Amino acid sequence: MMQQMNNTYYTYETSYGIITVESDGAAITLLKAGKNINPRGKKTATPLTDKTANQLNEYFEGKRKVFDIPLNPQGTDFQRKVWKALEAIPYGETRSYKDIATAVGNPKACRAVGLANNKNPIWIIIPCHRVIGANGSLTGYGGGIDMKRKLLDKESN
């Protein structure tokens, strides 16, 4: 379980908008875009939150394809399995919800995979934007379909 007394967060401006990075002191626990984020802990930049923001900026600039940030997303066992499967999707590639359901050992759990994607607390680094509909459609994304398209387009160049 996370020790909240060690939690810190900081908000950064990026070329893709405002991001909030939360850490438990050892790993990133939250990474979200936008203004309506409810992070936990003390608002202070740390070497880990700064490193995360720097790596995100490198990603946005097309200079980084792989992140080396320790992650500690909080969720159910199933959600964590899904998020681990998302991390295995290579930069510039996509998978369907069914592909991810199959990867976690439950090919019929497409809807549950979608719900786990929706609860992903670590935007971009756990790349839920790389999951698309079986017909290739850009289905729901917490950052909006336009952001999903922008990220996928960036990765395809």
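Biologist: Is Ile69 buried or exposed?
Modeller: In this predicted model, Ile69 has a relative accessible area of 9%. A residue counts as buried under 20% relative accessible area, so Ile69 is buried.

Biologist: Where in the chain is Ile69 found?
Modeller: Ile69 belongs to the loop that links α1 (47-60) and α2.

Biologist: Which residues does Ile69 touch, apart from those up to four places away in sequence?
Modeller: A contact here means heavy atoms within 4.5 Å. With residues up to four places away set aside, Ile69 touches Ile28, Leu48, Lys51, Thr52, Gln55 and Ile125. A C-alpha separation can be read alongside these contacts.

Biologist: What share of the contacts between residues at least 6 apart in sequence joins residues at least 24 apart?
Modeller: For the protein chain that share is 56%.

Biologist: Turning to a helix, which residues of α4 are buried?
Modeller: Helix α4 comprises residues 110-118, and its buried residues are Val113, Ala116 and Asn117. The next step is to ask how they are placed around the axis. They cover an arc of only 105°, which puts them on the same side of α4.

Biologist: Which residues are exposed on the other side of α4?
Modeller: Exposed means over 50% relative accessible area. On that other side, Arg111, Leu115 and Asn118 are exposed.

Biologist: What covers the buried residues of α4?
Modeller: The cover includes the helices α2 (77-87) and α3 (97-103), together with strand β6 (131-132).

Biologist: How many helices and strands does the protein chain have, and in what order do the elements run?
Modeller: The protein chain has five helices and six strands. Read from the N terminus, the order is β-β-β-β-α-α-β-α-α-β-α. The radius of gyration is 15 Å, close to the 15 Å given by the globule rule for 157 residues, so the protein chain is as compact as a globular protein of that length. Its C-alpha trace spans about 45 × 35 × 25 Å along the principal axes.

Biologist: What percentage of the residues of the protein chain count as buried, and how much area does the chain expose?
Modeller: Of its 157 residues, 44% count as buried.

Biologist: How far apart are the mean positions of the positive and negative charges?
Modeller: The protein chain carries 22 positive and 14 negative charges, and their mean positions are 5 Å apart.

Conventions
Residues are numbered from 1 along each chain as its sequence is written. This is a predicted model: local features need pLDDT of at least 70, side-chain atom pairs count only at pLDDT 80 or more; totals for chains, interfaces and linings use all residues. Side-chain values use heavy atoms; hydrogens and water are left out. Helices (H or I, at least four residues) and strands (E, at least two) are DSSP runs, numbered from the N terminus. The radius of gyration is taken over C-alpha atoms; the globule rule is 2.2 Å times the number of residues to the power 0.38. Buried means under 20% relative accessible area, exposed over 50%, partly exposed in between (1.4 Å probe, protein chains only). Lys and Arg count as positive and Asp and Glu as negative; His and the chain ends are not counted. The place of a charge is taken as NZ of Lys, CZ of Arg, CG of Asp or CD of Glu. The arc is that of the directions from the helix axis to the C-beta atoms.
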